[in-house]
Amino acid sequence: MPSIVFTVPALGAVGMSTEQAKKEGYEVQVNDMSKWYTYKRTHEKFAMAKVVIDKSTGRILGAHVLGSKTEELINLFAMAIQFNLTIDQLDTMNFAYPTAASDLGSLIWK
């Protein structure tokens with residue numbers, strides 16, 4: 001169940017927590033997105049994401065996002081978790097640029 005705290009910047013989470021992921025041996029990728037064009041063009045100081053991925057299956061297990069586009073990204077991650085989409089499947093999707101959705105491919109790794 002995705003959740004968002006609508007503060008400035010917003011904070012959202014879905015799926016497995018980073019603490020639980022590390023305890024269970026999954027990898028967590030942390031991205032500072034504040035220098036990415038999506039956020040730089042709007043002069044945002046804070047934009048970060050943590051993504052929990054099971055590297056053996058390529059499935060996304062959790063995501064945690066801080067930034068003005070949190071609601072968009074958390075909903076995409078929630079969809080990926082619910083429908084068991086892999087990082088390979090997500091990486092092939094095309095989104096309008098520059099949007100937070102277009103950054104999805106950079107938030108996951110192979």
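His-43 sits in the loop between α2 and β4 (48–54), where helices (H or I, at least four residues) and strands (E, at least two) are DSSP runs numbered from the N terminus. Its phi is near 60°, a positive value in a residue other than glycine. His-43 is also exposed, at 71% relative accessible area; the cut-offs are under 20% for buried, over 50% for exposed, and partly exposed in between, with a 1.4 Å probe and protein chains only. Asn-84 has a positive phi too, about 55°, and is not a glycine either. You'll find Asn-84 in the loop between α3 and α4, partly exposed at 42%.

Then there are the cis peptide bonds. One joins Val-8 and Pro-9, with omega about 0°, and Pro-9 belongs to the loop between β1 and β2. Another links Tyr-97 to Pro-98, again with omega about 0°; Pro-98 is in the loop between α4 and α5. For background, most residues other than glycine have a negative phi, and most peptide bonds are trans.

## A word on the model

Keep in mind that this is a predicted model: local features need pLDDT of at least 70, side-chain atom pairs count only at pLDDT 80 or more, and totals for chains, interfaces and linings use all residues. Numbering runs from 1 along each chain as its sequence is written, and side-chain values use heavy atoms, with hydrogens and water left out.

Tyr-37 lies in helix α2 and Tyr-97 in the loop between α4 (87–91) and α5 (104–107), so the pair ties together parts that are 60 residues apart in sequence. As for accessibility, Tyr-37 is partly exposed at 47%, while Tyr-97 is exposed at 60%.

## Two buried helix residues

Thr-38 is part of helix α2 (residues 37–40) and counts as buried, with 1% relative accessibility. Setting aside neighbours within four places in sequence, Thr-38 is in contact (heavy atoms within 4.5 Å) with Pro-98, Thr-99, Ala-100 and Asp-103. With Asp-103, the Thr-38 side chain makes a side-chain to side-chain polar contact at 2.7 Å. A polar contact here is a pair of N or O atoms within 3.5 Å; within protein, one must be able to donate a hydrogen and the other to accept it, and residues adjacent in sequence count only if both atoms are side-chain atoms.

Leu-76, in helix α3 (residues 70–82), is buried at 15%. Not counting residues up to four places away in sequence, Leu-76 touches Phe-95, Ala-101 and Leu-104.

## Strand pairing

Strands β1 (residues 3–5) and β2 (residues 10–15) run antiparallel, joined by three bridges; two strands pair if DSSP finds at least two bridges between them. A hairpin of four residues connects β1 to β2, and Ser-3 has Ala-13 in β2 as its bridge partner.

On to β5 (residues 59–67), which pairs with β2 in the antiparallel sense over six bridges. Within that pairing, Gly-15 stands opposite Gly-62 in β5.
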